[in-house]
Amino acid sequence: MAVEEREIVISRVIDAPRELVFEAFTEVRHLSRWWGPEGFSTTTRSFEFREGEVWDFVMHGPDGTDYSEWITWTEIVPPERIALLHGEFHDDPNAFESVLTFTPDGVATRIEMRTVFPTKQLRDEAVEKYHAVEGGRQTLGNLSAYVIEVLLKEGAS
């Protein structure tokens, strides 16, 4: 089966330097402020940003539903690329792979999130049931707003 049938690709240009956008992924104090679609919040159970280590967390939906999440960092190339495996728990057979690339775009940064699911059925379920495309866009929008807010605070101090 073609990878295209199993993937979702979302990108956004963020008006901030690549190093700052990348940094938003490296520390839990940043991630917990912007991760997830609009209306979601995040509680971290454990976090270690190194290849082979994990981010174990719970996303709290606006309707009160909790979603257990487990990310294993599989590749980290600062400030260019992050690859990860994302599931509901350790060794989740339905986990999906995501690769995030951070490319300079003038003084801004283009971030691309390329996610590949194990099957087309899992990809379609993520899109239809969990609104993965819109959720991904909202997540990158939250990242953009957060990074710009941080930049403005740093610029003002």
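Trainee: In the hairpin that β2 and β3 form, which residue in the turn has a positive phi?
Mentor: This is a predicted model, in which local features need pLDDT of at least 70 and side-chain atom pairs count only at 80 or more, whereas totals for chains, interfaces and linings use all residues. Residues are numbered from 1 along each chain as its sequence is written, and side-chain values use heavy atoms, without hydrogens and water. Strands are DSSP runs of E with at least two residues, helices runs of H or I with at least four, numbered from the N terminus; β2 (residues 41–47) and β3 are antiparallel and joined by six bridges, where pairing takes at least two DSSP bridges. Six residues lie between these strands, and the turn residue with a positive phi, about 85°, is G52.

Trainee: Why is strand β3 largely enclosed by the rest of the structure?
Mentor: β3 is also joined to β4, antiparallel to it, by seven bridges. Buried means under 20% relative accessible area with a 1.4 Å probe, protein chains only (exposed is over 50%, partly exposed in between). Strand β3 (residues 54–60) is largely enclosed because the number of its seven residues that are buried is six.

Trainee: Which element gives the largest share of the lining of the largest pocket?
Mentor: A pocket is an open set of 1 Å grid points, over the protein atoms alone, where a 1.4 Å probe fits, with protein on both sides within 12 Å along at least five of seven lines, and lining residues have an atom within 4 Å of a point. Here the lining has 41 residues, with E69, H86, F96, Y130 and A132 nearest the centre. The largest share, seven residues, comes from α4.
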